[in-house]
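Dear colleague,

Here is the structure we talked about handing over. My notes on it follow below.

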Amino acid sequence: VQLQASGGGLVQAGGSLRLSCAASGITFSLYVMAWYRQAPGKQRELVAIISSGSSTSYRDSVKGRFTISRENAKNTIYLQMNSLKPEDAAVYYCNAVFGTHQYWGQGTLVTVSS
């Protein structure tokens, strides 16, 4: 099983980035997929989640700015991040869950300059 996250980088405050996470080795359409992030010295936190039926949920601080989506034909999820703030800077991880099966990607770094 592999979850390959990409799309991170350096962006100015107010800018946008689109993260991608490509999954392999799982029946992707069955999995609940999510993005988490972890800033230095802080705990990993849930950012956004999308069910197998494409229902979505977001942490309050990103609502209206971030959009999670999935493309089952490509075994890929996305996180469109707009109006980025310095406090959004973190390593972003994708996560896949189905029953007792859980997998993590390797993370992609997002840096936001003020």
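There are 3 aromatic pairs in the structure (rings of Phe, Tyr and Trp, the last by its six-membered ring, pair if their centres lie within 6.5 Å; planes under 30 degrees apart count as stacked, over 60 as edge-to-face and the rest as tilted). One of them joins Tyr31 and Tyr103: the ring centres are 6.3 Å apart and the planes stand at 40°, so the pair is tilted. Tyr31 belongs to the loop between strand 3 and strand 4 and Tyr103 to strand 10, so this pair ties together parts that are 72 residues apart in sequence. Strands here are DSSP runs (E, at least two residues), numbered from the N terminus. Tyr31 counts as buried because its relative accessibility is 6%, while Tyr103, at 26%, counts as partly exposed. The cut-offs are under 20% relative accessible area for buried, over 50% for exposed, and partly exposed in between (1.4 Å probe, protein chains only). Ring pairs link Tyr31, Tyr103 and Phe98 into a cluster.

Tyr36 and Trp104 make an edge-to-face pair, with 4.8 Å from centre to centre and 65° between the planes. Since Tyr36 is in strand 4 and Trp104 in strand 10, the pair ties together parts that are 68 residues apart in sequence.

This is a predicted model, in which local features need pLDDT of at least 70 and side-chain atom pairs count only at pLDDT 80 or more, whereas totals for chains, interfaces and linings use all residues. Residues are numbered from 1 along each chain as its sequence is written, and side-chain values use heavy atoms, with hydrogens and water left out.

More on Trp104: strand 10 covers residues 101–104, and with a relative accessibility of 36% Trp104 counts as partly exposed. Leaving out residues up to four places away in sequence, Trp104 touches Leu3, Tyr36, Arg44, Tyr93, Cys94 and Asn95 (contact means heavy atoms within 4.5 Å). Tyr93 is 11 residues from Trp104 along the chain, and their C-alpha atoms are separated by 6.9 Å.

Arg18 sits over Tyr78, 4.0 Å from the ring centre, and Arg70 over Phe28, 4.6 Å from the ring centre.

An open sheet of 4 strands has the order 1-3-8-7, with antiparallel pairing (two strands pair if DSSP finds at least two bridges between them). Strand 1 and strand 7 are at the edges with a single partner strand each, so one side of each has no neighbour in the sheet. Strand 1 is joined to strand 3 by 5 bridges, and Ser6 stands opposite Ser20 in strand 3. Between strand 3 and strand 8 there are 6 bridges; Cys21 has Ile77 in strand 8 as its bridge partner, and Leu17 stands opposite Met81.

Last, the core. The largest nonpolar core contains 30 residues, and those with the most contacts inside it are Trp35, Leu79, Met81 and Tyr92. Such a core is a set of buried Ala, Val, Leu, Ile, Met, Phe, Trp, Tyr and Cys residues joined through side-chain atoms within 4.5 Å. Beyond its neighbours within four places in sequence, Met81 is in contact with residues including Leu19, Phe66, Tyr92 and Val110.

Regards

Definitions and conventions. Lys NZ or Arg CZ within 6 Å of the ring centre and 35° of its normal.
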